[in-house]
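Thank you all for coming. I would like to take you through one structure this morning, and I will go slowly enough that you can follow on your own screens.

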Protein chains: 2
Amino acid sequence: MNGQAYAHKPVLVTGGLGFIGSNLAVRLAELGADVTVVDSLIPELGGNRFNVAPVEEQIQVSTADLRDGEAVARLVQGREIVFAVAGNVSHVDSMTDPLRDLELNYRTQLSLLEAVRKGNPDARVVYAGSRQQYGRPQYLPVDERHPLEPVDVNGIDKAAAESATLIYHRVHGLHACSLRLTNTYGPRMQMRHGRQGFVPWFVRRAIDGQELELFGGGESLRDFNEVGDVVEAFLFCGQADSAVGEVFNLGHPEPITIRRFAEILLEITGSGYLAERPFPADRASIDVGSVYADYAKIRDRLGWEPRVGVREGLTAMVEYYRCHRRHYW
Amino acid sequence: MNGQAYAHKPVLVTGGLGFIGSNLAVRLAELGADVTVVDSLIPELGGNRFNVAPVEEQIQVSTADLRDGEAVARLVQGREIVFAVAGNVSHVDSMTDPLRDLELNYRTQLSLLEAVRKGNPDARVVYAGSRQQYGRPQYLPVDERHPLEPVDVNGIDKAAAESATLIYHRVHGLHACSLRLTNTYGPRMQMRHGRQGFVPWFVRRAIDGQELELFGGGESLRDFNEVGDVVEAFLFCGQADSAVGEVFNLGHPEPITIRRFAEILLEITGSGYLAERPFPADRASIDVGSVYADYAKIRDRLGWEPRVGVREGLTAMVEYYRCHRRHYW
């Protein structure tokens, strides 16, 4: 990936104060891009102004609500690349408040696509999709041709948003593509609740010397990507013409069980302990079992590969939160 | 199908003043059901009070907006079966105003499912899906296992709504199922514009002795179901326990080209004429080519089969509109 290509490039990052968006914004600013981030700062979703503290002098921050079509129309003006990272990532919340998930994950993306189509049709749009779109895998590793059969409303909304993104490419010629993210971890995740997957909650509780609840044995396999690797994939997609109109899985060459992930984490923190628990009903009903992705397509076409292993990534993550704990707890 | 099972049965039909909903409501009333219909009467969608004129003394009509969650919650109370037929069926409109399509096709269904889950979880829910969910067929005839890869926002929203319906079955235990309708025709279709498929527009123009525009040769195959047959399928699904949790294609044993359909229509009306036209850009970009469905599943499991052929069905349809023209033109 040619980092210099981003120097002075006007880019927009939606959800840019959240976990993945802020890591992307920080990296873009380091590469000299002209970065605007927009983030609704909806409580619980993960937006945190501290996330962009290292670059706050270099970037523009808007706290417009992405559900506000006119604000979005203004924000996309003049941006050469729009990284559409905003969204709700809680599967559990999507089942207790499905209409909110629809708004945050599907409606906002459709509204963004409309804004780009009408006001800035030459912009590149890179959408942050999710392996949740696949649902319970019919085979492993899951490749991009695997049917999309989501098991929760979050998966439906992410699939609908991605589908709209690709249709805007085919029908309206938008330069759009999608990355399907697996389990991403690293600095700048929200740490206030456990409803956005187990990773941040495990990290917080391990650092605090508390119990990590392992549901159903923790034997499901996952492929964990450190957020720096995920940011790199976004940078590839923002630049490569061969990415346009395409969907790419991310993934990792070494899937591990959730239990193993937790054990490595505990070794790193030296505090906290595992506790076996049966699956709570609300999680069991939408659990997908083992899932990991085939990322050969993005490796072969764009040259992306994950560089960071779980032990290295978690070590840096724990260090980050020990240092900046007061901004996240 | 045991029609007597519907005597005194409290049922709700959403979109019940529209094309399919009103035909269903009329039939249910004839079978002695306790019928409530709700229809937002949003201009252009197809709701028409005249559609239920034959049974207006026997049914309750609400014109609440289905986007109003509280109204929906009241309407589902005490209903044993909810036929969820409301929606926008215009593919073209879904591309010019995608956010409206999201509201009408996906949000309303999610809102209805929430209302049933919270207020009447034992009700049967029968959703009106669409073959548009499949997109451009990868093989023919399309069976229920065919991937859902919609080519327009309408297809995305119908697929999302159906997917939510099935997830409410799996996760919340709702007694829900879905019918994927193909090209339905017959009495009570709106006749004011040509954006809900070519069928009503062709019928109107043929009756009026005008030109029928055949785009791109009209060689695409379609399977046409007369609305009475479609109503029968809804009645099966409202009753059979084996329908719960399932998706069923409708279809017809004799797919014909759009051209042939038009020719038969012109033979029946004795007026109107064909005109060859290239595909307009907005339609070509979302055209799906030939598509017809494999309906073996509903035939084998529920015993449904279409009884009406195109010539017979169109003859009755033309007669209906000649008689009631002033209520539709």
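Predicted model: local features only at pLDDT ≥ 70, side-chain atom pairs only at ≥ 80, totals over all residues.

The phi angle of His8(A) is near 65°, which is a positive value in a residue other than glycine. Is His8(A) buried or exposed? It counts as exposed, because His8(A) has 9 C-beta neighbours inside 10 Å, and the cut-off for exposed is 12 or fewer.

A positive phi also turns up in chain B, at Arg188(B), where the value is near 80° and the residue is again something other than glycine. Arg188(B) sits in the loop between β7 (183-185) and α6 (198-207) of chain B, and Arg188(B) is buried, since 26 other C-beta atoms lie within 10 Å and the cut-off for buried is 20 or more.

Let me turn to the sheet of chain A. It is an open sheet of seven strands, in the order β3-β2-β1-β4-β5-β6-β11, and the pairing is parallel. The edge strands, each of which pairs on one side only, are β3 (60-62) and β11 (247-249) of chain A. Ignoring direction, neighbouring strands of this sheet are turned by 20° against each other on average.

Within that sheet I would ask you to look at β4(A), residues 81-84, where Ile81(A) and Phe83(A) point one way, Val82(A) and Ala84(A) point the other way, and all are buried. Four bridges join β4(A) to β1(A), residues 10-14, and the two strands run parallel; here Val11(A) stands opposite Ile81(A), and Thr14(A) stands opposite Ala84(A). Lying across β1, β4 and β5 of chain A is helix α4, residues 98-119, which runs at about 175° to β4(A).

If you follow chain A on from β5, you come to the loop between β5 and α5 (153-172), which holds Pro141(A). The peptide bond from Leu140(A) to Pro141(A) is cis, with omega near -10°. In chain B, a cis peptide bond joins Leu140(B) and Pro141(B), with omega about -10°, and Pro141(B) is placed in the loop between β5 (124-130) and α5 of chain B.

Staying with chain B, how do α2(B), residues 69-76, and α4(B) pack? Their axes are 9 Å apart and meet at an angle of about 50°, and the two helices are therefore oblique to each other. The crossing is right-handed. On the α2(B) side the contact is made by Gly69(B), Val72(B), Ala73(B) and Val76(B), and on the α4(B) side by Ser111(B), Leu112(B), Ala115(B), Val116(B) and Gly119(B). By class, those residues are six nonpolar, three polar and no charged.

Finally, the interface: 22 residues of chain B are in contact with 22 residues of chain A. On the chain B side, the elements that give two or more residues are α4 (98-119) and α5 (153-172), and the largest share, eight residues, comes from α4(B). That side of chain B has 16 nonpolar, three polar and three charged residues.

Terms used. Residues numbered from 1 in each chain as written. Chains lettered and ligands numbered in written order. Contact = placed C-beta atoms within 7 Å. Nonpolar A, V, L, I, M, F, W, Y, C, P; charged D, E, K, R; others polar. Axes fitted to C-alpha atoms, helices over the stretch in contact; angles between N-to-C directions. Parallel < 35°, antiparallel > 145°, perpendicular 65-115°, else oblique. Left-handed = near helix turned anticlockwise from the far one by under 90°. Pairing = 2+ DSSP bridges.
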